Amino acid sequence: MVDAKAWKEISAELQPQNVTLVAVSKTKPASDIQELYDLGQRDFGENYVQELVDKQPLFPADTRWHYIGHLQSNKVKYIASFVHLIHAVDSFKLLQEINKQATKNDRTIDVLLQLHIADEETKFGLDEKEVIELLEYYSAQEAQLQNVRICGLMGMATNTDNEQQIRSEFQRLQAVFKNLQQSQFLFKPYFNTCSMGMSGDYQIAVEEGSNMVRIGSLLFGARQYNT
Ligand SMILES: *Cc1c(COP(=O)(O)O)cnc(C)c1O
């Protein structure tokens, strides 16, 4: 069940702060996405390639599809013709494959690098040193990577009730983001997106400088997985 009231409130809260709301519609039916689309929502986030490929053709071309999950290199080709932003790039190999598939589709694909900030083993992502290494490779091979643009960072905080811990994880992501924005090898006007914050912690994330939040359950209700 879509919560139209929550969508209106959250949108009204984020808009004046220039924070982009990505409505995370994974596992939710197209009819739910349509309801939010009709209210004016355009950015939607998915984490399963097949599900995204099935949903994308059902919506107008001005819908912006964000791929927010862990992406395997061999699946990039299925979403390369339309994806708006890939949030969770965590290897140079994946970056090269995105470039290759973007080139085939005669377009440029925007991506974020995932920084691991949580105190949990299971979450994907790079540590700070790996982010810098990847950016150095990217800078060195920029001429061959013209069809992919690194537009910022993404991260997920630990799933905990400890607000101070969540806040300090977001502060760390924001600090790395700001540092990179200023670093000489990456002085790019389009390196401007810091994607952090979900249903449970988006307000903390925005206080700590997020300019893109990914919200699912507050808008669409709890998810049910049938495995
Ligand atoms: C599912 C998911 C979200 C949204 O989670 P909610 O808690 O439902 O808001 C955000 N980001 C990523 C990467 C996700 O996988």
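Mentor: Let's start with the polar contact: a pair of N or O atoms within 3.5 Å; inside protein, one must be able to donate a hydrogen and the other to accept it, and residues adjacent in sequence count only if both atoms are side-chain atoms. This is a predicted model, where local features need pLDDT of at least 70 and side-chain atom pairs pLDDT 80 or more, while totals for chains, interfaces and linings use all residues. Numbering runs from 1 along each chain as its sequence is written, and side-chain values use heavy atoms, with hydrogens and water left out.

Trainee: Okay, which side chain does His66 make a polar contact with?

Mentor: The side chain of Asp43, at 2.7 Å. His66 itself sits in strand S3; strands (E, at least two residues) and helices (H or I, at least four) are DSSP runs, numbered from the N terminus.

Trainee: And is His66 buried or exposed?

Mentor: Buried is under 20% relative accessible area, exposed over 50%, partly exposed in between (1.4 Å probe, protein chains only). His66 has 0%, so it counts as buried. Contrast Gln72, in the loop between S3 (64–67) and helix H4 (76–79): with 44%, Gln72 is partly exposed.

Trainee: How do I read strand pairing, say which strands pair with S1?

Mentor: Two strands pair if DSSP finds at least two bridges between them. S1 (residues 20–24) has four of its five residues buried. Four bridges join S1 to S8 (residues 212–215), running parallel, with Val22 partnered by Arg214. S1 is also parallel to S2 (residues 43–46), over two bridges, and here Val24 faces Gly45.

Trainee: Now the ligand: which residues come nearest?

Mentor: Near takes a heavy atom within 4 Å. The ligand has 13 residues around it, and Lys26, Ser199, Gly216, Ser217 and Arg223 come nearest. By class, this shell has six nonpolar, four polar and three charged residues (Ala, Val, Leu, Ile, Met, Phe, Trp, Tyr, Cys and Pro are nonpolar; Asp, Glu, Lys and Arg charged; the others, Gly among them, polar).
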